[in-house]
Amino acid sequence: MYTLTTFRSVPSFAVGHVRDLRVRWALEEAGQPYDLRLVDFADAATPDYRREQPFGQVPVLQDGDLTLFESGAILLHLGERYPTLLPRDPAARAHVTMWTFAALNSVEPYLANLANLVAFSLDEPWAAAQRPVLEEIALKRLGQVDAWLEGRDFLAGDFSVADILMTTVVRLLDGMGYVERFDRLTAWRNRCTARPAYRKALADQVTHFTQEAAAA
Ligand SMILES: N[C@@H](CCC(=O)N[C@@H](CS)C(=O)NCC(=O)O)C(=O)O
């Protein structure tokens, strides 16, 4: 049985976007049940927790004696067990690993910078000058993924952990109208988010944080 650590509660803007969603989604795709372990922000700052997750973040996954942080590492670990997440063929697997790093390293930082500016800093005096700079690189990356998707249903062969990670990365810009400028990217995102495992994972995260907020 897996144990997934996430926050007990988060601000409302983060509900549906906390990165435990990536792990929930992968476990749902693999048909694996899991327990939740909840941490408060104060717990996450303690030396005990930092020994598990040095940055005080979530998610963390416990798999027996193995404790892992970093959503990408967790998904690749699960992929070792479940071929539905990561193909067995070495070349196909290498392509999924490549797109896993692309999502987290070549796309996420640029989309996160723009999403953070729009969410938190629009009133700052520097925001008006900074926004077009961040938009330019984020749109460039979206366009590059859109171009890659020509003739492809998923990023690397069949659906894989790379699609889980890239979908959650692209969702950082939900509701901002950027992704919808790209037809193939939008169709791919919709294909991924129509999956029953995604719907279940998202519903479970939203239910968890909504219940915790109501109980507080
Ligand atoms: N690279 C990490 C990022 C994890 C991350 O940013 N987690 C957020 C929640 S979605 C968090 O814990 N934020 C609290 C903090 O950074 O202090 C991963 O993919 O696991």
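**Exercise 1. In this predicted model, determine how helix 6 and helix 8 pack and which residues meet in their contact.**

Solution. Begin with the geometry: helix 6, spanning residues 127–148, and helix 8, spanning residues 183–193, pack at an angle of about 75°, and their axes are 7 Å apart. Angles of 65 to 115 degrees count as roughly perpendicular, and helix 6 and helix 8 are therefore roughly perpendicular to each other. Next, list the residues: from helix 6 come Leu142, Val145, Asp146 and Ala147, which meet Asp183, Arg184 and Leu185 of helix 8. Sorting the residues of this contact by class then gives four nonpolar and three charged, with no polar residue among them.

**Exercise 2. Describe the packing of helix 7 with helix 8, including the handedness of the crossing.**

Solution. Helix 7, residues 161–170, packs with helix 8 at an angle of about 115°, with 10 Å between the axes. The class that runs from 65 to 115 degrees is the roughly perpendicular one, and helix 7 and helix 8 are therefore roughly perpendicular to each other. As for handedness, the crossing in which helix 7 passes helix 8 is left-handed. On the side of helix 7 the contact is made by Asp163, Met166, Thr167 and Val170, and on the side of helix 8 by Leu185, Trp188, Arg189, Cys192 and Thr193. By class, this contact has five nonpolar, two polar and two charged residues.

**Exercise 3. Characterise the largest pocket by its volume, its lining and the helices that supply that lining.**

Solution. The volume comes to about 860 Å³. The lining of this pocket consists of 30 residues, of which His17, Val18, Arg19, Asn116 and Leu172 are the closest to the centre. To assign the lining to elements, note that helix 4 (71–81) and helix 5 (90–120) each supply at least two residues, and that helix 5 gives the most, with eight residues. The class count for the lining of the largest pocket is 17 nonpolar, seven polar and six charged residues.

**Exercise 4. How many cavities of 30 Å³ or more are there, and which residues line the largest cavity?**

Solution. With the cut-off set at 30 Å³ or more, the count is one cavity. The space in the largest cavity amounts to about 80 Å³. Its lining is made up of Gly16, His17, Val18, Arg19, Leu21, Arg22, Glu108, Thr168, Arg171 and Leu172. Divided by class, the lining of the largest cavity holds three nonpolar, three polar and four charged residues.

Methods. Residues are numbered from 1 along each chain as its sequence is written. This is a predicted model: local features need pLDDT of at least 70, side-chain atom pairs count only at pLDDT 80 or more; totals for chains, interfaces and linings use all residues. Side-chain values use heavy atoms; hydrogens and water are left out. Axes are lines fitted to C-alpha atoms, for helices over the stretch in contact, and angles run from 0 to 180 degrees between N-to-C directions. Helices (H or I, at least four residues) and strands (E, at least two) are DSSP runs, numbered from the N terminus. Angles under 35 degrees count as roughly parallel, over 145 as roughly antiparallel, 65 to 115 as roughly perpendicular and the rest as oblique. Contact means heavy atoms within 4.5 Å. Ala, Val, Leu, Ile, Met, Phe, Trp, Tyr, Cys and Pro count as nonpolar, Asp, Glu, Lys and Arg as charged, and the others, Gly among them, as polar. On a 1 Å grid over the protein atoms alone, a cavity is a set of points where a 1.4 Å probe fits but cannot get out, and a pocket is an open set with protein on both sides within 12 Å along at least five of seven lines; lining residues have an atom within 4 Å of a point. Grid points are joined across faces, edges and corners, and a volume is the space filled by probe spheres set on the points. A crossing is left-handed if the near helix is turned anticlockwise from the far one by less than a right angle, and right-handed if clockwise.
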